[in-house]
Amino acid sequence: MKRWLARAVKAPGSASFAHLQRAVDESKARLEWAENLDDRALALAAQRTAREDAGSDGFTASPQLLAILATAAERTLSQRPFDPQLLACAALLSGNVVELDTGEGKTLVGAMAAAGFAAARRKVHVLSVNDYLARRDAEWMGPLFEVLGLAVGWIGQQTTPATRRANYQHDVVYAPVSEIGYDVLRDRFGTTDTDMVWPMHDVAIVDEADAVMIDEAMSPLVLAGSSREEPADFALADSLVRDLVADAHYAIDDDRATVSLTDQGIDVIEQRLGGVNLYETEHTEAFTRINLALHAHALVERDVDYLVVEGEIKLINTARGRVAQQQRWPDGLHAAIEAKEQLAVSAPGIVLDTITVQDLLAGYTTLVGMSGTVIAVAEDLTEFYSVRSGRVERRLPQRRTDEPQRVFTDDRERMDAVVHEVSERHGAGQPILVGTQSVAESEQFGRALAKVGIDAVVLNARNDAHEASVIARAGEFGAVTISTQLSGRGTDIRLGGAEEQDHARVAAVGGLAVLLVGRSPSERLDAQLRGRSGRQGDPGSTLVFVSTNDDVVQANAPAHLLEKVRRSGSRLDQRTLADIVDRAQRIAEGIRRDQHRDTWDFSRALSRQRKKVLALRGEILSGDLTSVALETRMPTKLASLEEASSPQFVADLTRRVALWCLDEQWCEHLAHMSEVRDGIHLQALAGVNPREEFHRVVLEEFQGFFDAAYENAVGILEKVTTDQLLAGFEALELRRPSATWTYMMSANPLGSPMDRAGRQAGRWLRTRVLKIE
Ligand code: ADP
Ligand code: MG
């Protein structure tokens, strides 16, 4: 408790909202005035007041505006905002990231702030975590916007381009951050205005701000397109490695990052292939596929890293414990996993462009956010986004008790202890939420509980809407729910069921018990799970059952401490063990922050270049820049083409060819830079600072980028025949990918084992199939 307090008070980068309290207090005196306005007058008053409040040096919510927003909320949603909600709303409007505990009503806070911005003629994106929440919140809060004369819409994965375009014109759009990112990426490849959907980057209000702005900030959103190559033959590679035996035929290194064939393993495979030598160049491709197949078998785990749903591989975003939609691993690995699961192998592809969540967010004029856990990352938010964060106190005092963690050195014992604890509490009817670190683990605990006759609902990252309905009932008398870290996020767990019909009985048996099995890579994620209990002044408790075998501990605790545990194990006292666990988590947090900084640094240079390319692309699209640039390079050819058709026809053709060349050039630059980045850590061995070296190379390689693109366009246009000219752009067969999809990558520059394997696959694809390098 003391530690928490110290951190809350001292937290660097955190702001106080005390000065905003006055407007909240004074808004009471204006309520009667606002309540007496009819809908139309209320809308007009909102616009007038909001425009006044949005001064040239930032937005300051006036008491009038807060009274109007409160009145609109009460009139349309029957929710009269509580004071902390009004304070949080004022804090958002003045440009902050706000910490407000789970269950305090951030959905309404975000909507009121969105309405305030929108009434001042700003375009607002409320960024949700998933489609389900975007839709739920837009529909739930819809009446609030309508009464104020504001148009609202939402966007999800299934939304058509036409609806997206229409929605982006609305005052307020609810959407997952990834959908907006993919729209930005897809727009980037549009060749005419009507291809594009035009998301506007004015105001972003980020829900679950720490998750989006920190945990996922560096995940690149990757747009990939199909190449015209045949799917590689992974079935053969798969059959070759299927029955290999760990340690004999292949070895996995200590951090489970890489796997390699032993000499014996290589012998076996060479024999199976009829006595070839795998190290000969003609077998390079086969060898790469064999390694990927091995990686798929030895290191990528079904139900932990991915699910198989209706014949398709669905990636699990391990940070969120959620299924990632429309995402694949870079091709080689994806195909290898498809072969492992004996599914149809999909066609290979090529990366067209990428943008990180942080880049995307940084593009907004105003960026604010809200979450139950912000203060712990206040410093990072300032460093990476130049925003301040602060906490708004909860309305009712906290009545939850957090019991000290219990550390086990044996997984079996931990399992028994969890089952015992659940049985005891369940016997009394107390609802219990068990949070595990993976889908596989949640199923394991589900089975263990079933054995003692407890029927737990296991949530396993398969469907957001379904999860929300299950989570909504997790507070019922006698409910036992097992989930991964954050499943069902955004859904309120009310005591005694969704309508709180049984609240008193459940409160009497202690409210919701949250049981954490293992610790997350950050205390903040643990706190989010804990926050499920004790909402709105309810009673509740949290317990933590850690095992020293948990990944967080094994991967992060210093070696000498792990050694101590291995030697003395259960003889160590709880305090020593708890210290080791806490330390491992702190180290994990530190590593995360360093990685964020590194990746940000790596991506910054590229994002600047991306901006330049996009600016030129915009000019080519809208003007006649191309003709000017090409005029000097190939005057005679252009003249003859114009003679054969018309100046306008040629202008259009050259424009499209130039766009195509520019886009190609960018793909290649990206591919090349990701190669450089992969190799850059080796520079450290040679005594070179990898960051400086990377920046040097990025700049150097970008030299002459535009000239090269134009030269390429000249090369293509010089060869154009009159027949082709008359047949138009299509006759040149400069095809664009017919389908696009997106990839998920983690933030780490050196990558998770998966990313590394993925990049290895990408490298193979580029060098061998697409012959880019
Ligand atoms: P958070 O996102 O902060 O965890 P939610 O926005 O999901 O919380 O809201 C939690 C619950 O509180 C919702 O069921 C909502 O209807 C309710 N709620 C929020 N604000 C109010 C209010 N002012 N009056 C009554 N109920 C409210
Ligand atoms: Mg919420």
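Begin by selecting Glu208, which sits in the loop joining strand 8 (203-207) to helix 10 (209-215). The model on screen is predicted. Glu208 has a relative accessible area of 13% and is therefore buried, the criterion being a value under 20%. Display its backbone torsions as well: phi of Glu208 is near 50 degrees, a positive value in a residue that is not glycine. Most residues other than glycine have a negative phi.

Select Asp247 next. Here too phi is positive in a residue other than glycine, near 75 degrees. Asp247 belongs to the loop between helix 11 (234-241) and strand 10 (250-252). Is Asp247 buried or exposed? With a relative accessibility of 68%, Asp247 counts as exposed, since the threshold for that class is over 50%.

**The ligand**

Now centre the view on ligand 1 and display the 16 residues around it; those that come nearest are Gln79, Gly103, Lys106, Thr107 and Arg494. Colouring this shell by residue class gives 3 nonpolar, 6 polar and 7 charged residues. Colouring by domain shows that domain 1 (3-225 + 358-391) and domain 3 (399-547) each supply at least three residues to the shell.

- Arg494: a polar atom of its side chain is 2.3 Å from a ligand oxygen.
- Thr107: an N or O atom of its side chain is 2.5 Å from a ligand oxygen.
- Gly103: a backbone N or O atom is 2.7 Å from a ligand oxygen.

Keep Gly103 selected. This residue lies in the loop between strand 4 (96-99) and helix 6 (106-119). Its relative accessibility is 16%, so Gly103 is classed as buried. For comparison with annotation, highlight the positions that UniProt, in an unreviewed entry, marks as "binding site": Gln85, Gly103, Glu104, Gly105, Lys106, Thr107 and Asp492.

Move to Arg400, a residue of strand 19 (399-402). Arg400 counts as buried because its relative accessibility is 18%. Which side chain does the side chain of Arg400 contact? Its partner in a polar contact is the side chain of Asp402, at 2.9 Å.

Proceed to helix 21, residues 523-530, which is mostly covered, with 6 of its 8 residues buried.

The last stop is Glu693, in helix 28 (690-702). Glu693 has a relative accessible area of 14%, which means that it falls in the buried class. Show the side chains of Glu693 and Arg696: they form a polar contact at 2.9 Å. In an α-helix, residues three or four places apart point the same way, because there are 3.6 residues a turn. Finally, draw a distance between the C-alpha atoms of Glu693 and Arg677; these residues are 16 apart along the chain, and the separation is 9.8 Å.

How values were computed. Residues are numbered from 1 along each chain as its sequence is written. Chains are lettered from A and ligands numbered from 1 in the order in which they are written. This is a predicted model: local features need pLDDT of at least 70, side-chain atom pairs count only at pLDDT 80 or more; totals for chains, interfaces and linings use all residues. Side-chain values use heavy atoms; hydrogens and water are left out. A residue is near a molecule or strand if one of its heavy atoms lies within 4 Å of it. A polar contact is a pair of N or O atoms within 3.5 Å; within protein, one must be able to donate a hydrogen and the other to accept it, and residues adjacent in sequence count only if both atoms are side-chain atoms. Ala, Val, Leu, Ile, Met, Phe, Trp, Tyr, Cys and Pro count as nonpolar, Asp, Glu, Lys and Arg as charged, and the others, Gly among them, as polar. Domain bounds come from an automatic or database domain assignment. UniProt positions are given in the numbering used here, feature names are shortened, and annotations may be inferred rather than shown by experiment. Helices (H or I, at least four residues) and strands (E, at least two) are DSSP runs, numbered from the N terminus. Buried means under 20% relative accessible area, exposed over 50%, partly exposed in between (1.4 Å probe, protein chains only).
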